[in-house]
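Have your viewer open and try each task before reading its solution.

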Amino acid sequence: MTEAGHPHHPHLHVPGEPTVPPPGEPLLELVDVTRSYGEEVVVHALREVSLRILPGDFVSIVGPSGSGKSTMLGLLGCLDQPTSGEVWIGGECATRLPEIERTKLRGRTIGFVFQQFHLIPHLSALGNVETALLYRGLRPKERHELAMDALEEVGLGHRHDHRPVQMSGGEQQRVALARAIVGHPLMVLADEPTGALDTKNAANVMDIFARLRSPERAIVIVTHDLGVADAADRKVSMRDGRIVADERRRETAPEPASS
Amino acid sequence: MRNVRDLLGVALGGLAARKVRTALILLGPIVGVSMIVAAVGLTSSAKGDLQAKLRQLGTNLVECQASSAFGSQDPRLPEDVVDRAMALPLVEQVAPVLDLQGVLTLPYPEARTYYEAFPVPVLAVDTTLPEVLNVPMLSGRWLDRFDLEDPTRAAVIGRDLAAEYNYLQGEARTIELNGIEYGVVGVLDSVELVSTFNTAVFISFGAAEDDFVEDIEPNRFYARATPGYEQMVNNAMPDAISLGGSDDAECAVPSDLLAAQAQTDTTLRTIVTVMGGLALLVGAIGIANVMTISVIQRSSEIGIRRALGHTRGTIAWQFLVEAVVIGVLGGALGAGVGVGALWIGVEIKGWVFTLDPGVIVLGMGSALVMSVVAGIYPSMKAARLEPLETLRLG
């Protein structure tokens with residue numbers, strides 16, 4: 001495995017930064033994962049699903065309501081535990097880890113983008129991005145530099161001191177994107193990232209997603225929007241808790257994003 | 001260490017972002033601690049001057065009087081009582097006194113009627129009394145060995161008597177003792193432990209023998225014991241000085257009475273301290289309440305922090321540190337307000353500012369403990385929140 005270095009500040013290293021698996025090895029893998037809810041009346045949200053996410057993948061997960069997308073998202077993001085089966089992240093079996101270790105693994109390896117942005121309202125854009133780097137042994141100055149870089153990457157360096165309430169929906173989502181990538185995760189996991197945006201802002205956000213692609217990092221977007229889904233290289237379709245199609249439109253991973 | 005700093009930064013940021021809410025929760029510890037500090041301080045300060053005097057006077061003075069156990073009207077101690085008393089270990093100094101009976105003291109002849117009705121005590125003393133009592137001269141001098149060896153008609157008067165006589169400092173003045181003129185050579189400052197001395201006239205044993213009595217055996221004396229051993233000396237003294245048995249003398253420690261007076265009013269202090277404690281308790285409930293509501297309001301923030309890799313422990317600590325900051329800040333502000341209120345009260349009443357620093361430590365400590373206890377439930381509640389439930393995916 002190779003160490004993921006910081007593209008703009010080679011001297012800066014985020015403690016606990018994940019290592020990228022060798023080519024051909026998955027970043028994340030679901031192995032026969034089932035997720036059921038309820039005891040008396042059992043609902044199977046996911047049934048024996050297996051999925052491999054490779055470095056450089058840009059995947060969209062689509063499907064109608066109730067198809068199991070959200071459950072899949074929770075499991076991919078280590079926010080939930082499967083009823084049976086295993087979730088492997090970066091060579092570690094997340095399912096078998098104690099909760100505290102699973103949480104740390106999630107923080108190191110996965111960046112989240114949500115439909116409702118979920119920015120912390122009393123913090124500035126910079127403060128929100130820095131939140132992803134807390135408790136990782138960084139000095140405030142180092143954290144500040146990394147967060148500013150991430151904001152620059154999404155084109156919001158000039159608005160670093162603005163609070164969410166002072167920003168448009170598109171800008172808030174870009175701050176959320178900066179927060180998702182600042183720790184250099186193996187995978188960015190987005191839940192309907194354009195769902196709360198108008199067409200123009202949605203296109204802008206999708207452009208940024210396209211720019212964020214790199215051979216080391218995977219991007220997974222869960223969406224209803226077929227337009228958004230078509231922007232991805234690989235489309236995973238779900239129905240009734242199962243993967244019914246897994247189409248790969250491009251075979252090669254993209255070149256690293258230029259600064 | 002950096003993680004602790006991060007935690008403190010997050011907690012302070014959370015409190016600073018909600019200034020009104022933070023100010024409201026701070027009210028509980030502020031009111032509680034300020035009440036405790038002010039209540040204890042005020043009740044102590046009310047008696048602070050007495051306590052200060054006690055410290056100045058010392059509590060190691062023993063007073064012994066000849067007892068009238070056998071019905072004598074004018075009981076006396078042995079002639080060599082000073083030597084007997086000094087023979088006791090732990091006795092450092094002794095000053096004998098004889099109360100002269102039937103000596104009429106007049107500042108001027110026309111005042112006879114008044115002073116016959118309200119006689120002034122006249123005491124025969126030696127040179128050691130002010131030193132043993134630890135009382136300085138207000139003006140002039142005390143009786144010296146020349147007054148004793150070749151008895152002169154020199155008198156020292158007590159502070160209150162000097163005021164009553166309108167005696168001016170350094171004034172050449174005589175007073176009449178049974179019609180005999182005595183020159184006033186000095187004024188003794190206030191004697192807290194023996195208040196009758198403030199209105200008394202002091203003359204030498206020799207002068208008393210020349211002018212008023214045949215036998216000058218003292219009927220009482222004052223002894224300074226080694227500090228801390230006054231009770232032992234007090235108990236041993238009657239046997240040491242008596243001729244016919246311990247019933248011949250009665251001894252006491254005068255500061256005991258003053259110490260009893262100087263005791264703070266514990267009932268009042270307890271009531272107000274309990275009220276302060278109740279205010280702290282109500283404050284604690286307030287903190288728990290507001291923080292629990294805050295956890296619900298901030299569930300989205302907690303969810304995103306959890307998604308970003310902050311552990312349950314970190315989330316719990318974040319809220320617990322907020323509670324600690326509230327306790328420390330509220331306690332410090334409460335102590336400040338309490339000291340301020342105490343200072344104002346003391347200034348108004350003219351008391352001596354008396355406050356045991358331990359009360360401030362106790363008040364601030366109580367606020368801290370109360371805040372931490374109040375913060376435990378909300379912290380646990382925050383830590384138990386599942387990110388999946390708060391982030392509403394899909």
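**Exercise 1.** Is B:Asn166 buried or exposed?

*Solution.* Some ground rules come first. This is a predicted model, where local features need pLDDT of at least 70, side-chain atom pairs count only at pLDDT 80 or more, and totals for chains, interfaces and linings use all residues. Residues are numbered from 1 along each chain as its sequence is written, while chains are lettered from A and ligands numbered from 1 in the order in which they are written.

Now count neighbours, with C-beta atoms placed from the backbone: 20 or more others within 10 Å make a residue buried, 12 or fewer make it exposed, and anything in between is partly exposed. B:Asn166 has 9 C-beta neighbours inside 10 Å, so it counts as exposed. Next, locate it: B:Asn166 sits in the loop between α8 (159-164) and β7 (174-177) of chain B. (Helices are DSSP runs of H or I with at least four residues, strands are runs of E with at least two, and both are numbered from the N terminus.) Finally, check the backbone: phi of B:Asn166 is near 55°, a positive value in a residue other than glycine.

**Exercise 2.** Compare the span of helix α2 of chain B with the expected one, and look for a kink.

*Solution.* The expected span is 1.5 Å times one less than the number of residues. Helix α2 (residues 19-46) of chain B has 28 residues and reaches 38 Å from first C-alpha to last, close to the expected 40 Å. For the kink, take the angle between axes fitted to the seven residues ending at a position and the seven starting there. A bend of about 30° turns up at B:Leu27, shortly before the proline B:Pro29. As for burial, 21 of the 28 residues of α2(B) are buried.

**Exercise 3.** How do α2(B) and α12(B) run relative to each other?

*Solution.* Two packed helices are described by the angle between their axes and the distance between the axes. The axes of α2(B) and helix α12 (residues 266-297) of chain B come within 8 Å and cross at roughly 170°. Therefore α2(B) is roughly antiparallel to α12(B), a label for angles over 145 degrees. The residues of this contact divide into 17 nonpolar, 7 polar and 2 charged. (Nonpolar covers Ala, Val, Leu, Ile, Met, Phe, Trp, Tyr, Cys and Pro; charged covers Asp, Glu, Lys and Arg; the others, Gly among them, are polar.)

**Exercise 4.** Which helix of chain B gives the most to the side that touches chain A?

*Solution.* Call two residues in contact if their C-beta atoms, placed from the backbone, lie within 7 Å. By that test, 21 residues of chain B are in contact with 23 residues of chain A. On the chain B side, α1 (2-17), α13 (299-307) and α16 (387-391) each supply at least two residues. The most come from α13(B), with 6 residues. By class, the chain B side has 9 nonpolar, 7 polar and 5 charged residues.

Conventions. Axes are lines fitted to C-alpha atoms, for helices over the stretch in contact, and angles run from 0 to 180 degrees between N-to-C directions. Angles under 35 degrees count as roughly parallel, over 145 as roughly antiparallel, 65 to 115 as roughly perpendicular and the rest as oblique.
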